[in-house]
Amino acid sequence: MFWPMLAIALGFLSIAVLGVLAVRVFLEVQRLGRQVAHTTERIGQAAEDLETAAVGLARTGESLR
């Protein structure tokens, strides 16, 4: 009677540990997704800034001719 109860207890604990790990992975994936979204926005803003600077530089180059 002892061994079946031990097997059931260990099985339950294993499922509980896997559940905790799944929650941790889920939270980290959400955090990573937020970081990727933030970085994408920053890259887009940097691209717009670079385009604005390039247009200004082109105008300056044309006015020097």
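Here is a short walk through the structure, one selection at a time. Keep in mind as you go that this is a predicted model.

**Stop 1: the aromatic pair**

Start by selecting F2 and W3 and showing their side chains. The structure holds one aromatic pair, and these two residues form it: their ring centres sit 5.2 Å apart with the planes at 70°, so the arrangement is edge-to-face. The cut-off behind that label is an angle of over 60 degrees between the planes. Now turn on a surface. F2 is exposed, with a relative accessible area of 55%, and W3 is exposed too, at 62%.

**Stop 2: helix α1 and G11**

Next, colour residues 2-64, which make up helix α1. Within this helix, pick out G11. Is G11 buried or partly exposed? Its relative accessibility is 31%, so G11 counts as partly exposed, since that class runs between the 20% limit for buried and the 50% limit for exposed.

**Stop 3: a nonpolar patch**

Stay in this part of the chain and select L10, F12 and L13. Together they form a nonpolar patch on the surface, with about 340 Å² of accessible area. Click on F12 for a closer look: this residue lies in helix α1, and its relative accessibility of 59% makes it exposed.

**Stop 4: along the helix to A37**

Now move on to A37, which is also placed in helix α1. A37 is partly exposed, with a relative accessible area of 39%.

**Stop 5: the salt bridge**

For the last stop, select R31 and E28 and show their side chains. Side chains of opposite charge can pair when their charged atoms come close. The count for this structure is one salt bridge, and here R31 meets E28 with an N to O distance of 2.7 Å, inside the 4 Å cut-off. Which element holds the two partners? Both lie in helix α1, three residues apart, or about one turn of the helix.

Definitions and conventions: Residues are numbered from 1 along each chain as its sequence is written. This is a predicted model: local features need pLDDT of at least 70, side-chain atom pairs count only at pLDDT 80 or more; totals for chains, interfaces and linings use all residues. Side-chain values use heavy atoms; hydrogens and water are left out. Helices (H or I, at least four residues) and strands (E, at least two) are DSSP runs, numbered from the N terminus. Buried means under 20% relative accessible area, exposed over 50%, partly exposed in between (1.4 Å probe, protein chains only). Rings of Phe, Tyr and Trp (its six-membered ring) pair if their centres lie within 6.5 Å; planes under 30 degrees apart count as stacked, over 60 as edge-to-face and the rest as tilted. Patches are made of residues with over 30% relative accessible area and no salt bridge: like charges are joined within 9 Å, nonpolar side chains (Val, Leu, Ile, Met, Phe, Trp, Tyr) within 5 Å. Accessible areas come from the Shrake-Rupley method with a 1.4 Å probe; for residues, only the protein chains shown count as cover.
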